[in-house]
Amino acid sequence: MESHDRSGGRYAPLDLSPEHFRAAGHALVDRVADLLATMRARPVTAGLSVSDVRALVDVFGRMPDEGSDVDLVLSQATDLLTAHSLFNGHPKFLGYITSSPAPIGMLADLLAAAVNPNVGAWTLSPVATEIEAQTIRWIAELLGYPEESSGLLVSGGNEANFVGVYAALRAVFPRGGSERTLERMGKATIYASSETHTWIEKALDMFGLPPDALRSIRVDAARRLVLDDLAQRLAADVQDGRVPVAVIGTAGTVSTGAIDPLPAMAALCRQHRVWFHVDGAYGGFAAMIPSAPDDIRGLALADSVAVDPHKWLYAPLEAGCALVRDPAQHRAAFSYHPPYYNFGVEATNFVDYGPQNSRGFRALKVWMGLRQVGRRGYERMIADDIALARALYERLAADARCEAATLSLSIATFRYVPEAYRHRSGDVAAEEYLNTLNKALQGRLEVSGELFVSNAVIDGRYLLRACIVNFRTSARDIAEIPDIIARHGEAIHTELQR
Ligand SMILES: Cc1ncc(COP(=O)(O)O)c(C=O)c1O
């Protein structure tokens, strides 16, 4: 039983004595260290069905009226999560775009929760606010973005993109504008390639823009935005009295890692005086790698940029980052001064720069990772991820059992092709069969726990997609992949032939 003395005698069953906290914390850290030590030997995922997983949690029944022993609660939660989760920290987790979490980030989250600064206002989080501000300057520096720009940490890439595009919208249609402003908003247009992530549809919907505001721009064979199409659509809209608000470029598309022609897009935006926003949620940090395609560094020319430290800075979820070139325009979009908030000191209050009010200390895990390995550490890890994706692509291209489809940044797409289906391009029935087979293969791999990849659909072809944002993936892991693909692919092919 806990003594309640520390709470001045009041009932505080959530509190823990320092000794108890220390013991429980050490036990938890030991379990986490065991998890990290055994990660490679574990399956990527236990591959349980939805009903199996629900049953594991249903054991705890309905909302408890009475509490439980804290050590039991901690050990049960640790058992549940370490035995049955999908581990994106596993060397063979190459799905979607979710990175291995850096161990220092795990510890940072504990420290952040212990101090619990509310990073909405400087007064409530003096040190944390300054650390977040420094983190943002460091991120800008890594990207070659102006350090005088403003920014803030948010939940992820979606929210970082929302912040940028909302700032663009408010720059054209200031808050509290006249009826004429509202009328003009009905004519707003936003330009983005057809490969843009779905955040763009959510943003337009949430911001109340008309459904036809989104101008979907064509992509070329490499899935990059076609500049001529963008130029023509912009010119035609201006001619028609529409109000172009923003052009979106992507530095690493979600499907294939394609990089739009960002410098040329920036020049076109300058010519039309239109806000240029770059979604660098996946690929943005590759701008610091000299061997990355030159176009990627065009994100430094944008009016706003979204990047995702929980992707290529390997921060544990959640950590996105929005940067806005003009701090005044950024602030104008989000700042309100209600009478019930008097922050007193002249300092940055992050509540003025984004949609959140109370804010957690996401910056700490990012800041600590940046300090632990520095620019050089990140350059090397990101370059290695890119090199491993190339090695995978080349192995698959050289393997008769597989077909390598695309490679950009650290994303390789490919499919398994049984012998009888090789060299049958243009055969519609064969393509349908290969789609069925590779879809089933993706599902089979997932439950196997041997390898986790996701998918891309390109020109009607269902492809497997490996995205390496994982500092644990090694050359050996990559070398093992073709055999894993072929073994499961062959088994499914045999089953489908029965
Ligand atoms: C290009 C791109 N933009 C935006 C997002 C959304 O990022 P988040 O999942 O961190 O919100 C993703 C996610 O993969 C992405 O690849």
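Which helix lies across β5 and β6? Helix α10 (residues 262-272) does, running at about 170 degrees to β5. Angles here run from 0 to 180 degrees between N-to-C directions, with axes fitted to C-alpha atoms, for helices over the stretch in contact. Helices (H or I, at least four residues) and strands (E, at least two) are DSSP runs, numbered from the N terminus.

Before going further, note that this is a predicted model: local features need pLDDT of at least 70, side-chain atom pairs count only at pLDDT 80 or more, and totals for chains, interfaces and linings use all residues. Residues are numbered from 1 along each chain as its sequence is written.

Now to the sheet. Its 7 strands form an open sheet with mixed pairing, in the order β2-β8-β7-β6-β5-β3-β4; two strands pair if DSSP finds at least two bridges between them. Each edge strand has a single partner, so one side of it is left without a neighbour in the sheet:

| Edge strand | Residues |
|---|---|
| β2 | 150-154 |
| β4 | 214-217 |

On average, neighbouring strands are turned by 20 degrees against each other, direction ignored. Strands β5 (residues 243-250) and β6 (residues 275-280) run parallel and are joined by 5 bridges. Thr 250 stands opposite Asp 279 in β6.

Elsewhere, two helices meet. Helix α6 (residues 157-172) packs against helix α8 (residues 199-206) at an angle of about 50 degrees, with axes 10 Å apart. That makes α6 oblique to α8 (under 35 degrees is roughly parallel, over 145 roughly antiparallel, 65 to 115 roughly perpendicular, and the rest oblique).

Note on methods: Contact = placed C-beta atoms within 7 Å.
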